[in-house]
Amino acid sequence: MSHPGSGQREEHMQVISREVGPATQGGVTRLWTPVWTYAVATLILVCSLFPIYHMVLVSIKSDGELAQPSLFPRSPTLQRYLDVIQQKHMLVTHFRRQLLNSTVLSLGTAILTLGISTTCAYAISRLRFPGRKAIFRASLFTYMVPSSFIVIPFYGLMVKYGLVNSYASVILAETTFATPYCIWVLSEFFKTIPIEIEEAAIVDGAGRLRIFTAIVLPLTAPALVALGMYAFIFAWNEFLYVLVLMNSNQLFTVPVGLSWYLNQDSIPWGMMMAESTLFSIPPIIFYYLFQRYMVSGLALGAVK
Amino acid sequence: MMPFGKGAVWGREAWKSYLFVLPFLSIFAAFIAYPLLSEIYYSFTRYEIGVAPRFVGLKNFINLLNDSDYRQSVINSLIYVGIGVNVKLGLALLIAIFLNREFRGRSLVQSLFLLPWAAATISSLLSFRWMLDTDYGVLNSLLESVGFGKIQWLGQYSTAMSIILVYHIWKYLPFWTLIFLSGLKGIPPDIYEAGRVDGATPVQLLRWVTLPMIKGLYIVCTLISAIWTMGDFITVYLMTGGGPGQSTNVVATVAYRFAFRFGEFDNASASFVLLFPVMMIIIVFVIRKLEGGHAAY
């Protein structure tokens, strides 16, 4: 979430660096600064992009080329994408079902997370009651606990209540771990809404709930969309909880379905890379749409 | 940094506030507090799913300390956290400082640099595995073309552990870089201006302005990243599956193995519970630091 006013700061800094930037400090610097800057930038980008490029490359190489180390496809093909989508290979017979599972679980998590975090964040930033500090601490605590640390008792709990193999079990787990970040960001966000707006509404006789739904939430809409995406991707990437809580091909999400390939004697890498590429498209689109909102609340809080 | 703004005092109606926090409190109680406490309880019992737990004292912990797989997993977790977190955050800070400068194409570089973090975890993990394939992987092919022999990257402890670290750093570097970048942007530009007026060189500004200003954030990030890395499961599980043998397991994968391969939910719980003190100390320290409100200074 972008810090209120950080945009102005950013512009201000740019102005300054234009005025007295290192490039104005003499001929040699002026020549070498760009050279080493782009050399470093290229090195960073090659390292970070190569594995992604490799994934797409393998997915479009023809079968004959798969075993060759060439870095460019000679006769690229989209056949594997078609095979995956049409479920034409014995190993992808559940792809569409698993994609649906991933989508349902992620959507469920996003909706539930938003519901829980908006109300809680509003109370933390706007209402005064005994224990609100403790509640915020509980949420920071949850933010930091690694989800794997409690997968054993969580599984036990789900067995006890007959929720193993249900969407609900995974959605509850993901919501629990996605909520604290949203509470953190939203409670900072609510603080930036002028309290006078709400006070005026109180004078007009509006109740708290009405103020919350009719005034605060609409003002928060862009942040809510971004946080909804955060929760969506959080669940989209989940692996351990689905592995533990879901017990059949029909119920797996795409990541767990994909991991099943690794048990094959001969791993169909081309097919796997096509499926991996398809599965990465939604999160990549989300990140780029909401990049400026995705800067963590962690930094937001800590640099204050 | 505590986000407590000006608030409304409700007087007699203060109880209504609790309606707003009730949903979060419920999931916290049911899915964080209760599981954590029951895990501690399980670690002192004989416990298999479907059978009522029976108190056995410290037996599970003694089992674990005598279990060479578990001891190895603790060592690996220490390596994973110790090297992984420090290299990752050190690089992240360097890249953040690099990206905080003005140059043409900077925002394009920054956007592309985010890609490893944006792409699904499973996708890049599998891409790494295929790159590392002994017979057909692109890495060995490149090595062969310059005259080296084939290396079984995931077939021996030292290289397998290194690959796990490389993947971890590669995957999470952009996230921490972004955080440091927003931290750097939060440093008031007046300080740099004042420094320049006094004739400070860019290196001096970095040493005496940037680093002291970012220190608090860096420490908090190191600690948070240490806890998260300690709990990472998917990297080791899918990269090596704990192999070769059981040599590259971390605590999370060895506990998974106890629970879901052998049904030993007691040993699995105890594996995690042994890490609880470290986790609690770090979390309490971080919360204090954040509440102090001067984490950046």
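## Starting from one residue

Ile183(A) sits in helix H7 of chain A, the helix that covers residues 167–191. Keep in mind as you click around that this is a predicted model. Is Ile183(A) buried or exposed? It counts as buried, because 32 C-beta neighbours fall inside 10 Å of Ile183(A), and 20 or more are enough for that label.

Who are the contacts? Setting aside the neighbours within four places in sequence, Ile183(A) touches Ser117(A), Cys120(A), Ala121(A), Ile124(A) and Ser139(A), plus Phe24(B) from the other chain. For a sense of scale, take Ser276(A), which is 93 residues away from Ile183(A) along the chain: the two C-alpha atoms are separated by 31 Å.

## Chain A as a whole

Of its 304 residues, 47% count as buried.

Seven residues of domain 1 of chain A are in contact with six residues of domain 2 of chain A. On the domain 1 side of that contact you'll find four nonpolar, one polar and two charged residues.

## Where the chains meet

As for the predictor's own scores, the complex gets an ipTM of 0.91 and a pTM of 0.89.

## Over to chain B

Chain B has 14 helices and two strands. Its C-alpha trace spans about 80 × 70 × 30 Å along the principal axes. The mean pLDDT of chain B is 89, with 94% of its residues at 70 or more. Among the elements of chain B, helix H7 (residues 138–145) of chain B has the lowest mean pLDDT, 86, while H3(B) has the highest, 96.

Here are the two chains in a few numbers.

| Chain | Item | Value |
|---|---|---|
| Chain A | Buried share of 304 residues | 47% |
| Chain B | Buried share of 297 residues | 43% |
| Chain A | Contacts between residues at least 6 apart in sequence that join residues at least 24 apart | 77% |
| Chain B | Contacts between residues at least 6 apart in sequence that join residues at least 24 apart | 70% |

## A helix pair to look at

Helix H3 (residues 68–99) of chain B packs against helix H10 (residues 202–230) of chain B at an angle of about 145 degrees, and the axes are 10 Å apart. The crossing of H3(B) and H10(B) is right-handed. From H3(B), the contact residues include Ser77(B), Tyr80(B), Val81(B), Gly84(B) and Lys88(B). From H10(B), among them are Leu206(B), Thr210(B), Tyr218(B), Cys221(B) and Met230(B). By class, the contact of H3(B) with H10(B) has eleven nonpolar, six polar and one charged residues.

Note on methods:
Residues are numbered from 1 along each chain as its sequence is written. Chains are lettered from A and ligands numbered from 1 in the order in which they are written. This is a predicted model: local features need pLDDT of at least 70, side-chain atom pairs count only at pLDDT 80 or more; totals for chains, interfaces and linings use all residues. Two residues are in contact if their C-beta atoms, placed from the backbone, lie within 7 Å. Ala, Val, Leu, Ile, Met, Phe, Trp, Tyr, Cys and Pro count as nonpolar, Asp, Glu, Lys and Arg as charged, and the others, Gly among them, as polar. Axes are lines fitted to C-alpha atoms, for helices over the stretch in contact, and angles run from 0 to 180 degrees between N-to-C directions. Helices (H or I, at least four residues) and strands (E, at least two) are DSSP runs, numbered from the N terminus. A crossing is left-handed if the near helix is turned anticlockwise from the far one by less than a right angle, and right-handed if clockwise. A residue is buried if 20 or more other C-beta atoms lie within 10 Å of its own, exposed if 12 or fewer, and partly exposed in between; C-beta atoms are placed from the backbone. pLDDT is the predictor's confidence in each residue, from 0 to 100.
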